[in-house]
Amino acid sequence: MKLWAILAASCFQMSPCLAEVMRLATGELPPYATEARGDQGVALRIVREAFRSQGHDVIYTFMPWGRALEEARAGKWDGTAYWGHKPEHEQSFLLSENVLTEQWVVLHRASLKVDWRKPGDLAPYTFGAIKTYTYTPEFHALFASGKLKVDWSPDDIATLRKLAAGRVDVVLLDRNVACYLIDQHLTAGEAQTIRAHPKLMTENFSTHLMLPKALPQSAARLEAFNKGLAALKASGEYRRLLESTDCAAGLAIPQKPR
């Protein structure tokens, strides 16, 4: 048998010799997506491992989130990861099964006693918020109606510094993101001024890989990804990846809504 035939037979019997490379646009949201970690973040590693099990490699390109969304929508990239669910995303993208559920909580100044059951209970406080973020529909509606006072900031670090300085009262943020940013960017004194309410805003804050409908390959790629993600979740590796975060800031571990 000729050499090329032997190699072809080997490739057929084993994994593909030439794995397809997925080029995904992403942004900074440590510890889930970041160039500062060797694995490029917990969520991005989950996406990579799910694709890898199906014979796909992944290369991430970091850029502002808004640019990642627009360029992926136009088909410049094979997709973008990772995003909270919004109905409008489904107009241009195919959304994967849930990559991970974020733990969004109410951060507040330590000097305030904050107790809330529904978003309207937080009306007395001034919110620090980011316009491009995916909050829950209830909070979006209250922000838009003016029933909640909002101070908009360009990014999370600016918002957390406003919270530490007392310029805003509360901030909505994923607990693990808050831990990372406080640990890395705030002083010890600033960190002591911030607490996390233990109540989760929602237990259904799902996040997703999004593949553009503009590319005909997206449907098959999404099917492969979902298959790999299911296998990863069925293994102990998925749970281990979710536990690979620390919180020196000591923010309360969130509880499920009652």
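These are my notebook entries on a predicted model of one protein.

**Ground rules.** I count residues from 1 along each chain as its sequence is written, and side-chain values use heavy atoms, with hydrogens and water left out. Because the model is predicted, local features need pLDDT of at least 70 and side-chain atom pairs count only at pLDDT 80 or more, while totals for chains, interfaces and linings use all residues.

**Overall.** I looked up the extent. The C-alpha atoms fill a box of roughly 80 × 35 × 35 Å along the principal axes. I found nine helices and ten strands. Both are DSSP runs numbered from the N terminus: helices are H or I with at least four residues, strands are E with at least two. Of the 258 residues, 49% count as buried. Buried means under 20% relative accessible area, exposed over 50%, and partly exposed in between, with a 1.4 Å probe and protein chains only. The accessible surface comes to about 13200 Å², and 53% of that belongs to carbon and sulfur atoms. These areas come from the Shrake-Rupley method with a 1.4 Å probe; for residues, only the protein chains shown count as cover.

I traced five strands in the order 7-6-8-5-9, with mixed pairing. Two strands pair if DSSP finds at least two bridges between them. Strand 7 (149-153) and strand 9 (194-196) stand at the edges with a single partner strand each, so one side of each lacks a neighbour in the sheet. Neighbouring strands are turned by 35° against each other on average, direction ignored. Axes are lines fitted to C-alpha atoms, for helices over the stretch in contact, and angles run from 0 to 180 degrees between N-to-C directions.

Strand 6 (residues 126-130) and strand 8 (residues 170-174) run parallel and are joined by two bridges. G128 has V171 of strand 8 as its bridge partner. Helix 4 (residues 137-145) lies across strands 6, 7 and 8, at about 110° to strand 6.

**H56.** I found H56 in strand 2 (residues 56-62). H56 is buried, with a relative accessible area of 11%. Its side chain makes a polar contact of 3.1 Å with that of E20. A polar contact is a pair of N or O atoms within 3.5 Å; within protein, one must be able to donate a hydrogen and the other to accept it, and residues adjacent in sequence count only if both atoms are side-chain atoms. Beyond four places in sequence, H56 is in contact (heavy atoms within 4.5 Å) with E20, M22, F51 and A224.

**Helices.** In helix 3 (residues 65-73), I list A68, L69, E71 and A72 as buried. They pack against strand 1 (20-26), strand 3 (79-84), strand 4 (93-95) and strand 10 (207-212). G75 follows helix 3 and has a positive phi, near 90°.

Helix 2 (residues 42-52) packs against helix 8 (residues 218-234) at about 105°, with axes 7 Å apart. That makes the two roughly perpendicular. The word covers 65 to 115 degrees; under 35 is roughly parallel, over 145 roughly antiparallel, and the rest oblique. Helix 2 makes the contact with I46, V47, E49, A50 and F51, and helix 8 with R221, F225, G228, L229 and L232.

**Backbone.** The peptide bond from P30 to P31 is cis, with omega near 5°. I place P31 in the loop between strand 1 and helix 2. Q40 is in the loop between strand 1 and helix 2, and its phi is positive, near 65°. The bond from A81 to Y82 is also cis, with omega near -5°. Y82 lies in strand 3.
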